[in-house]
Structures are given as structure tokens and as C-alpha cells.
Amino acid sequence: MTSVRRDDPVRPTKRDEVAAAGSELIGGPIGRRALLGTHWLTPVRIIALVAIGMFALGMVQKLPCYNGGWFFGATTQYTHACYSDIPHLYAGRGFADGLIPYFDRLPGDMEYLEYPVLTGVFMEVASWMTPHSGGIQHREQIYWLVNAGMLMICAAVIAVCVARTHRRRPWDGLLVALAPAFALTATINWDLLAIALTAAGMLMWSRSRPLAAGVLIGLATAAKLYPVLLLGPLLVLCWRAGAWRAFRKVLTGTVASWLVVNLPVMITHDAAGFHIREGWAKFYTFSQERPIDFGSIWLLISQRTGNPLENANTYATLLMIVGCGAIGLLTLYAPRRPRFAQLAFLVVALFILTNKVYSPQYVLWLTPLAALARPRWRDFLIWQACEVMYFLGIWMYLAYTGSGDKHQGLPTEGYQLAIVLHLLGTLYLCALVVRDILMPERDVVRRDGDDDPSGGVLDRSPDVFVLGRAYHRPRHAVQFQAAPQVRWGAVRD
């Protein structure tokens with residue numbers, strides 16, 4: 001077995017041909033005599049600065065809307081591909097009028113804010129920092145700027161957490177920092193808050209701090225529903241490794257932090273006793289009652305067949321259950337226990353692919369997980385290209401449907417092709433991750449001698465329960481003789 005120092009950093013220009021080619025812009029691949037870690041501009045700091053720079057470019061891309069597209073012209077914000085929910089919901093959800101989310105009823109059909117509590121707090125704090133004087137257009141512009149500043153901090157946190165999760169692979173954070181779809185969609189909605197908390201939770205888990213990880217995952221779930229899905233992979237991984245104590249800690253932290261945030265808004269009391277507050281429940285009832293919407297496989301089927309698919313909730317739930325079962329079996333059967341980041345990516349991707357809506361900003365959920373699960377530039381950029389094409393496709397489609405007889409934009413058939421493209425892009429990345437699980441020697445991370453650097457207590461721990469032949473080499477696998485090998489299931493040294 002080739003000897004590998006556990007603390008040697010992985011140099012991406014030596015392992016990835018795309019990274020090596022891209023490095024020509026800054027002088028070429030790093031040399032063997034280079035002194036690493038001797039400059040104040042460390043990889044993590046560089047990645048944070050790049051993430052902020054790319055976020056700023058994404059803000060610049062929104063300038064046509066900031067200067068009028070959000071306020072004038074039926075389709076200007078679509079033809080310039082610079083739409084954002086943020087300025088529209090400033091007035092539309094009562095922040096301009098000083099209404100308190102979940103407590104004050106909104107005028108119109110929505111009645112209450114349809115976001116989880118922590119996201120509502122984020123929106124409310126931004127409204128406090130927005131001047132309440134001047135015209136509504138000016139106030140909406142400032143509100144977007146305030147939110148963008150807060151979301152920029154979240155973006156930097158995400159990039160730093162990804163860079164620090166795999167100790168020997170800090171440069172993988174550049175996948176997040178330079179992701180074009182990340183920059184384009186960062187200020188469409190408030191998703192980055194939940195993503196930053198999730199990334200921090202995964203970092204804490206990788207540092208063998210399950211209670212802190214659980215607290216952060218619970219807070220992330222209080223901002224967006226999807227982070228709670230990470231408990232599923234952790235359950236199966238801890239089952240296989242027998243690490244039940246760590247799972248109990250992460251579960252306790254998740255439930256406790258979620259309750260701390262939600263209970264003050266969730267419970268109301270009157271003469272009849274305690275009740276669930278209607279405003280708090282709006283997010284969950286809205287998600288359940290929401291019809292099939294943009295970007296989903298269900299919209300594609302509905303448009304192609306003319307069937308409204310009124311039972312889409314049932315279909316999506318069944319597919320999610322079957323998919324989670326398949327991921328669980330994959331985890332217990334795989335020749336080596338899968339890495340936490342791999343399963344986290346698969347379960348979140350499954351949730352998105354089966355959901356009634358696949359909004360363009362959902363790419364943000366997957367980007368840090370993809371960087372940890374499959375840190376290879378070629379595959380990452382193929383997927384990002386598919387998402388950028390969809391990002392342009394949905395706005396051109398909305399321009400087409402909103403321009404009346406002019407029909408300026410992308411017709412329905414073109415939009416359906418864009419849906420297929422971004423669904424296939426996500427499925428492509430999922431297929432590669434599954435292959436890496438079944439053939440660990442193809443896994444980019446494990447080929448450098450690591451086991452599960454994001455696994456924390458699971459890293460290099462032996463298995464206790466498996467369904468397949470533990471530690472066997474997958475049949476039909478290509479062996480990489482020149483790469484350092486890790487003993488699957490070796491006891492931590």
C-alpha cells in the first residue's frame with residue numbers, strides 16, 4: 001500500500017486536468033518546490049474573496065432590474081434575466097407597512113408570510129435596516145441592497161465552510177466560489193441563509209462535533225425545510241458504523257434548536273387553550289396546496305399530456321419514499337461506507353427532482369453539496385452549464401408568455417427542452433456519485449488516500465452492520481495503481 005501523509009494538502013492542478021488548464025491564467029500548475037502555507041493569503045481567504053467577488057458580479061447582473069426592470073415594463077425583468085423576489089415581497093408581504101410576519105394578517109389571498117420562521121426573521125431584520133421614508137420604489141431598491149449585503153455574508157460563509165470541511169482539499173471551495181449558477185441565482189430569494197447554516201453544520205460534523213452540527217441543522221431547517229433531510233443519511237451511516245451516540249446528539253441538537261426558534265411563533269393561547277398559530281402554519285399548508293410549478297418534471301408531464309396532475313403531491317411523496325429507500329440500501333450494501341457528503345447530495349437532489357417545483361435558485365442547495373460529493377471540475381461545470389441554460393430559459397419563457405401577441409422570448413417547447421436539460425444535468429451528477437459509491441477507487445476524494453473527511457466520527461471507523469460483502473472490491477472496477485489507496489474500514493489511528 002502506498003504511504004500517504006494524512007496532512008498533505010491535495011493540489012488540484014496535479015489531480016484535475018481542468019484545474020490544471022485553468023491555472024494557466026495565473027501562471028500554471030503549482031510547482032513541486034512551492035512553499036505552501038507561508039503567505040497570509042491562504043486558500044480559505046482566497047476562496048472567501050473570490051466568492052464575494054462573484055457575488056458582486058451577480059449583483060451587477062441585476063442592475064437592469066434595479067434601475068427600472070422590477071418596476072416598469074411587463075417583461076423587462078425577464079428579458080434581462082434579472083428577476084428577484086426580494087423587492088416585490090417588500091410591499092407584497094407587508095414589510096413596507098410595518099406588519100409583523102406570522103402575527104399580522106396580510107391583505108390579499110396569501111394572508112400570512114409563506115416562509116419558515118428563521119427566514120421570516122431574516123426578512124424582518126432587513127426591513128428594519130431599510131429607511132421607511134421616500135417612495136416605495138426607492139425603499140424596495142434599498143431593501144434589495146440590504147438583503148444582498150446580508151446574503152453576501154452567507155455566500156462567503158458557505159464557501160469557507162466547504163473549503164474547511166475536507167481538511168486536505170481546501171481548494172474544492174473554489175467550485176462554490178466560481179460557480180456561475182450560484183452567482184446568477186444568489187439574490188433571487190433568501191435560500192443562502194439556510195444553505196450557510198447547513199454548510200456550517202456539515203463542517204461541525206466533519207470536526208466530530210455532532211451536537212453543534214445538530215444545532216446548526218435545526219436552525220437551517222427553521223429557515224428552509226430541506227436541511228432536515230440530512231438526518232436520513234446520518235441515520236443510515238451511523239447504523240452501519242454503530243455510531244448511535246453521535247446520531248442521538250445530532251438529532252437532539254436538531255430538534256432542540258428547531259423548537260427554540262419555532263415555538264414562540266408556533267403556539268398561541270386564548271380562552272379555549274393552546275393552538276397552532278395560523279400564520280406559522282402557512283408555510284406548510286402553502287407547500288402542500290401549491291400546484292405543480294416551474295422547472296419540475298410534473299410541469300413537463302402536465303404540459304406535454306394536458307393532464308393537470310392533481311395528485312402530484314401523492315406521486316412526489318411516493319417517489320421520495322422509494323428513492324430514500326434505495327439510497328438506504330445503497331448505503332448498507334456499498335463495498336465501503338459512502339461518504340456523508342455523497343449521501344447528502346443524493347437525498348437533496350432526490351427531493352428537488354421529485355418536488356412539485358424546481359425553482360432556478362434550487363441550484364444553490366446543491367452547489368456546496370456537489371463540491372463535496374464530486375469535486376471534479378469537468379463534471380461540476382457540465383452540471384452548472386445545464387443550470388445556467390435553465391436560468392436563461394425560464395426567464396425567456398416568462399417573457400414569451402407575458403409579451404402578448406409579440407411573443408418575445410422562448411416558446412413552450414423551448415422551455416420544456418430547458419427543463420429536460422437541467423433535470424438531466426442533475427441526474428448526470430447523481431449517476432456519477434452513485435458510481436463513486438459502488439466503485440470507491442473512482443471516488444476523487446478517496447483516490448487521494450482519504451476515507452470520509454466530511455464524516456467526523458465516521459471517518460476511518462469500522463463497519464458494524466452491512467448487507468453486502470463489506471470491504472470487497474467492486475467487480476468491473478478500474479484500478480488506479482498510481483493513486484494512493486485507503487484501507488476501507490481501517491480503525492482510526
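A residue counts as buried when its relative accessible area is under 20%, as exposed when that area is over 50%, and as partly exposed in between. Keep this in mind as we walk through the structure, which is a predicted model.

Let us start with Leu438. Leu438 belongs to helix α21, which covers residues 412-438.

Together with Leu235, Trp239, Trp244, Leu329, Tyr333, Val464, Phe465 and Leu467, Leu438 makes a nonpolar surface patch of about 830 Å². Two helices, α13 (231-241) and α17 (312-333), each supply at least two residues of this patch.

Next, a look at what the record says. An unreviewed UniProt entry lists several stretches as "transmembrane region", among them residues 211-239 and 418-438. In the model, residues 418-438 are 100% helix and 0% strand, and their end C-alpha atoms are 31 Å apart. For residues 211-239, the span is 69% helix and 0% strand, with the end C-alpha atoms 17 Å apart.

Finally, turn to Thr75, in the loop that joins α4 (63-69) to α5 (76-79). Is Thr75 buried or exposed? Its relative accessibility is 14%, so Thr75 counts as buried. Which residues does Thr75 touch, leaving aside those up to four places away in sequence? They are Leu398, Ala399, Gly402 and Ser403.

Note on methods
Residues are numbered from 1 along each chain as its sequence is written. This is a predicted model: local features need pLDDT of at least 70, side-chain atom pairs count only at pLDDT 80 or more; totals for chains, interfaces and linings use all residues. Side-chain values use heavy atoms; hydrogens and water are left out. Helices (H or I, at least four residues) and strands (E, at least two) are DSSP runs, numbered from the N terminus. Buried means under 20% relative accessible area, exposed over 50%, partly exposed in between (1.4 Å probe, protein chains only). Contact means heavy atoms within 4.5 Å. Patches are made of residues with over 30% relative accessible area and no salt bridge: like charges are joined within 9 Å, nonpolar side chains (Val, Leu, Ile, Met, Phe, Trp, Tyr) within 5 Å. Accessible areas come from the Shrake-Rupley method with a 1.4 Å probe; for residues, only the protein chains shown count as cover. A salt bridge is a side-chain nitrogen of Lys or Arg within 4 Å of a carboxyl oxygen of Asp or Glu. UniProt positions are given in the numbering used here, feature names are shortened, and annotations may be inferred rather than shown by experiment.
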